[in-house]
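This report covers charged pairs on helices and a nonpolar core. The sequence and structure come first.

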Amino acid sequence: PARAIEAVAEAQRMLKLDDEANDHWHPSDEFQQDMLRLMNDQVKETYAGDKLGVLHEKRWSEATTWLLGGGENASDNVDPTLGLDKTGLWRPSSQLLHGNELGKEIMQSAKSSAYKFEREYGRKPSLGVVTVGQLKRYEHGSRRLELYSNPSSSWFNKTDAGRANGFEVQEINLDARTATTETLLSEVYKLRDEVDGIQIMWPLPEHIDSSA
């Protein structure tokens, strides 16, 4: 991030943009790093299939309608997909599921349900996540989080994703070398009185009885 900020500052100097009076920009390292992080997260949200920079037609149409005023008649005379690339250059193959976009819709639905739950019961819904050992698919989780997603919507950080979407998430990590079927069941029995839902991460080590 520091190198990226330095590169932007150098570009500003070259283009003589550093003298502009921008009342919405604070020339501090903390502010610039925060802006860089938010922009990176936004770009990563456009990753779909095998491409980065995918613009989803539904969100494009919603943005166009909003820009036109958002009223019922806002898009009567304007195609909401106006300006959207129709060549397919920025779209993934039609044979690939647009999982990121589907995931956003599911997450938004879950978020709405969480807020409704909190209004009704006066607390956030809770989830307990139990992991035994190191899962191979999470081996490079932190790096993949940097490249492809952000903490508010990634399964690589369930606690942060839960917090961003109205859930309390309690993660329990058991050492595969010492965990047994009995210790796993003991954790599950304790959790069932503390949380609304329990997720046990798969696969379990071979010595744990998954049918217990």
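## Terms and model

A salt bridge is a side-chain nitrogen of Lys or Arg within 4 Å of a carboxyl oxygen of Asp or Glu. By this rule the count comes to 7 salt bridges.

The model is predicted: local features need pLDDT of at least 70, side-chain atom pairs count only at pLDDT 80 or more, and totals for chains, interfaces and linings use all residues. Residues are numbered from 1 along each chain as its sequence is written, and side-chain values use heavy atoms, with hydrogens and water left out.

Asp160 pairs with Arg163 in a salt bridge, with the closest N and O atoms 2.7 Å apart. Both residues lie in helix α6 (residues 158-164), 3 residues apart, about one turn of the helix. Helices (H or I, at least four residues) and strands (E, at least two) are DSSP runs, numbered from the N terminus.

How accessible are the partners? Buried means under 20% relative accessible area, exposed over 50%, and partly exposed in between (1.4 Å probe, protein chains only). Asp160 has 26% relative accessibility, so Asp160 counts as partly exposed. Arg163 has 56%, so Arg163 counts as exposed.

Helix α1 (residues 2-14) holds both Arg13 and Glu10, 3 residues apart, about one turn of the helix. Their side chains form a salt bridge at 2.8 Å, N to O. Arg13 is partly exposed because its relative accessibility is 46%. Glu10, at 37%, is also partly exposed.

In helix α2 (residues 29-44), Arg37 and Asp34 are 3 residues apart, which means a separation of about one helical turn. Their salt bridge spans 2.6 Å, N to O. Arg37 is partly exposed at 42% relative accessibility. Asp34 is partly exposed at 31%. Side chains of opposite charge can pair when their charged atoms come close.

## Nonpolar core

A nonpolar core is a set of buried Ala, Val, Leu, Ile, Met, Phe, Trp, Tyr and Cys residues joined through side-chain atoms within 4.5 Å. The largest one has 11 residues: Val130, Val132, Ile172, Leu174, Ala179, Leu184, Val188, Leu191, Val195, Leu204 and Ile208. At least two residues of this core come from each of β1 (126-132), β2 (168-174) and α7 (181-191). The largest share, 3 residues, comes from α7.

Which residues does Ala179 touch, leaving aside its neighbours within four places in sequence? Ala179 is in contact (heavy atoms within 4.5 Å) with Val132, Leu174, His207 and Ile208.
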